[in-house]
Amino acid sequence: MLDPTEKPDTAVPKVSFVSLGCPKALVDSERIITRLRAEGYELARDHQGSDLVIVNTCGFLDSAKAESLAAIGSALKENGKVIVTGCMGAEPESISQAYPDVLAITGPQQYESVVEAVHRALPPQHDPFLDLVPPEGIKLTPRHYAYLKISEGCNNRCTFCIIPKLRGDLVSRQAGDVLREAEKLVAAGVKELLVISQDTSAYGLDIKYAASPWRGQDVRAKFVDLTRALGELGVWVRLHYVYPYPHVDDVIPLMAERKVLPYLDIPFQHAAPDVLKRMKRPAAQEKTLERIARWREICPDLTLRSTFIVGFPGETEADFDYLLQWLEEAALDRVGCFKYEPVRGAVANDSAPPVADEVKEARWHRFMQAQQKISTRRLKRKIGTRQQVIIDEVGSTVAKGRSMADAPEIDGAVYVASRRPLRVGETATVKIERADEYDLHGSVVGY
Ligand code: SF4
């Protein structure tokens, strides 16, 4: 009789996978891998040990495209059989010109086409030992956190962005489907759900906020309703890519009550009215500083994270000064800043004269210095407080984790000393003893 834990030594088709780009692309990769694993394919650790390679590309910036092309090039060199998918697949000629030997090119979210291409190049083999896939699918993130994608595409037309061209208009998932996926993830041990989309606050607009059943109630596909329902799952829920529309005010009380994390990731990109107008940013006309002040009155420990672009075409010194002053007043906790890159096909490129590279560079440094001071100030206020920290990595003497104010990958960390070894995914109460520009340091006072 066969030992059920022993895999029979048949020619199991092996695929290696390169996943580039943002968390949304990572979720696409997870779906493709889940499907392939369900069909008996095995994931190989390296290209040489696999029968073919799938490269999920990012096409957002020229630098990301260059990285994607390089990944395709090395996969071809090391393996020879390559299927390309993801954002760059929306412009197949840019890939086929550089690499005519790739087996197939499919666009973003074309899961079926990728899987069909794999079937053609490497037919699946039925194997009951390998066909077992955990119900939550295959996660590429550590076991204790997971991205939860609530919609695809975007109805906005920011002039620097080509994502709507690549991914199409907003297509929201039914709230019941999102919640069932979230439940499965929680049942599989996930302790933190990171809600993502291109525009989370616009969720449900395309399906007229249709209600769908979940746990015997009807949940509308509305930002606040979905957030409230996710808050019932008893895990950390973190909201990303939210725009400051008036209805976002409704989730702040849920944050104050700790139903969801007091954390909002709002990509403001700029503050000067003229630049925002030319960027065609969603909710640009809202009085954001007043709104932030009101949010902080309701939820004083709200963490605000954002990203900005400096050197947008036509950005004047006065626009940039306005941005710095706004930044000082807004006192955001976590901020990323990018120098404008003219993505091919973006309307903004020809809308106004470009800002010289050395000016962009100088503005970027001034911006980062200003924000570093703000971030240091805000983190210092946490010294002496007790924070819940979720552990991401454990070392011999110190563990690395994150407080409610820190999203994985993009924010700072909390370095934790502990009397007993901590486990990855465990949450501990940590007394904060020290802060630097981006990180906190402390000791466990409660397990
Ligand atoms: S909100 Fe703007 S920047 Fe974000 S995906 Fe949509 S168009 Fe692009």
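Q: What does the accessible surface of the chain come to, and what share of it belongs to carbon and sulfur atoms?
A: This is a predicted model, and its chain has about 20,100 Å² of accessible surface. Carbon and sulfur atoms hold 53% of that.

Q: And the charges? How many positive and negative side chains are there?
A: There are 58 positive and 62 negative side chains. The centres of those two sets lie 4 Å apart.

Q: Ok, switching to the fold. How many helices and strands does the chain have?
A: You get twelve helices and 20 strands.

Q: What's the radius of gyration of the chain, and how does that sit with the globule rule?
A: The radius of gyration is 23 Å, close to the 22 Å that the rule gives for 447 residues, so the chain is as compact as a globular protein of that length. Along the principal axes, the C-alpha atoms fill a box of roughly 70 × 55 × 45 Å.

Q: What about contacts, how much comes from residues 24 or more positions apart?
A: Those pairs account for 74% of the contacts with a separation of 6 or more.

Q: Now inside. What percentage of the residues count as buried?
A: Of the 447 residues, 55% count as buried.

Q: Which residues touch the most other members in the largest nonpolar core?
A: Leu-230, Leu-264 and Phe-367 do, in a core of 58 residues. Helix α11, residues 317-330, gives the most to this core, with six residues. As a general point, nonpolar side chains tend to be buried together in soluble globular proteins.

Q: Let's stay on Leu-230. Which residues does Leu-230 touch?
A: Leaving out residues up to four places away in sequence, Leu-230 touches Leu-148, Leu-179, Ala-182, Leu-193, Val-195 and Val-237.

Q: Where is Lys-208, and is it buried or exposed?
A: Lys-208 sits in the loop between β9 (192-196) and β10 (211-214). Lys-208 is exposed, with a relative accessible area of 71%.

Q: And Arg-215, what's phi near there?
A: Phi of Arg-215 is near 50 degrees, again a positive value in a residue other than glycine. Arg-215 is in the loop between β10 and β11 (217-220).

Q: How much relative accessible area does Arg-215 have?
A: Arg-215 has 49% and is partly exposed; the cut-off for exposed is over 50%.

How values were computed: Residues numbered from 1 in each chain as written. Predicted model: local features only at pLDDT ≥ 70, side-chain atom pairs only at ≥ 80, totals over all residues. Heavy atoms only, no water. Helix = DSSP H or I, 4+ residues; strand = E, 2+ residues; numbered from the N terminus. Rg over C-alpha atoms; globule rule 2.2 N^0.38 Å. Buried < 20%, exposed > 50% of the residue type's maximum accessible area, 1.4 Å probe, protein only. Contact = heavy atoms within 4.5 Å. Areas by Shrake-Rupley, 256 points an atom, 1.4 Å probe, with all protein chains shown as cover. Lys, Arg positive; Asp, Glu negative; His and termini not counted. Charge placed at Lys NZ, Arg CZ, Asp CG, Glu CD. Core = buried A, V, L, I, M, F, W, Y, C linked by side-chain atoms within 4.5 Å.
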